[in-house]
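Dear colleague,

Here is the structure that I promised to hand over to you. Please open it beside this message, so that you can look up each residue while you read.

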Amino acid sequence: MTAKLFQFFNCRILRNSAIIKEDLWVRNGKIINPEKIFFDERNQADEKIDCRNAIISPGFIDLQINGGYGVDFSYDVDTVEQGINRVAKGLLKDGVTSFCPTVVTNPKEVYAKVLPRIKRNAGGSHGATVLGVHVEGPFINVDKKGAHPQECILELTEGFKTLEETYGCLDNVSIVTLAPEKENANETIRELTKRNIITSLGHSMGDLSHGEKAVKSGARFITHLFNAMLPFHHRDPGLVGLLASDAIPGIIYYGIIADGVHTHPAALRIAYRTHPKGVVLVTDAISPMGLEEGVHRIGKMTVEIRNHQAYVAGTNTLCGSITPMDACVRFFKRATNCGNVFALEAATLHPAQCMGIENQKGTLNFGADADFVLLDDDLNVLATYIAGERVYQKH
């Protein structure tokens, strides 16, 4: 029996870095070439979906998200599976169809419990696809630890062996953030690369030469550019200088938080104009994301959400980003004046390319997974689809 054929019509689709007026055809959860349908004996769609002139973009991909909806992947250890499911479901309304749950610096025993339990998982009506864990730390620089607990930060004493012993199981790990100036960092990066695990550079006091050596060893990503690293200096631009380095092979990708708080609009413009092909929008969201305004008790911390930002309750101290991906896309577009195509590709194509999955995710090319979002002209999410199934619709 032939699988149902779906035709999405009256739409504008993002394909090959342009938004074009064209129908989207889906069968078996994949985007298919309509020319082949013409030669079929039965060339009519089983179901036609009127998109009412919406933009169809690939689904958003978030490579760094610490939690949301009251869930923290690093600290809700005993309920991490339920927590992943809750966040995966919540992300659908933000247009996110794939993500890397992020686990920050922790003691060994926490990694031993959490990492084996966050498994790669195909998305659907239950939630967004889990692409593997992004482990951020503990091999970072204590002087750029940010909110990471200092007592848990480690050295790469025996290189990759130390990393492997610390994490325990690497089967579910897709990205590791480490500081490139650490002793034995480059040997560790080479071993991670052999295992198809992406090394991201961050929480670092490293200079440009540290970054260049790390990229030559296989690193291909920078964790939340401008945050938790040396500021740009004209004599040594630090890791930020990788965006303009002529000493590294290929494209260096960099995560950037476009929430209007963590990265100034002028910094977004500098990064975009310097190295546009590497822009990867990330939320770096924490557990209060998705909760209503007001005071919430989350783990050991009481937070207050007001004006779409999270503060330590009773203070004006920000405690992390809670801006969802669709809002980051809109803010980045406004800040850089880059237009709809680029803003969308920074949350779709670029993260897929960084992960090496651009043949399956992040595009609407023929043969790719039918993970996509319907958007209005202001890039507000109207509906989300995974494998051709509608998993969210705005009411």
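Below are some notes on backbone angles and on one helix.

Please keep in mind that this is a predicted model, in which local features need pLDDT of at least 70 and side-chain atom pairs count only at pLDDT 80 or more, while totals for chains, interfaces and linings use all residues. Residues are numbered from 1 along each chain as its sequence is written, and side-chain values use heavy atoms, with hydrogens and water left out.

Most peptide bonds are trans, and most residues other than glycine have a negative phi. The bond that joins G137 to P138, however, is cis, with omega near 5°, and P138 belongs to the loop between β11 (133-136) and α4 (160-167). Helices (H or I, at least four residues) and strands (E, at least two) are DSSP runs, numbered from the N terminus.

Two histidines have a positive phi: about 45° for H203 and near 65° for H308. H203 sits in the loop between β13 (198-201) and α6 (208-217), whereas H308 sits in the loop between β18 (301-306) and β19 (309-312). Is H203 buried or exposed? With 4% relative accessibility, H203 counts as buried, while H308, at 63%, counts as exposed; buried means under 20% relative accessible area, exposed over 50%, and partly exposed in between, with a 1.4 Å probe and protein chains only.

In α6, the buried residues are L208, G211, E212, A214, V215 and S217, and what covers them includes α5 (185-194) and β13, where contact means heavy atoms within 4.5 Å. After α6 comes G218, with a positive phi near 130°.

Best wishes
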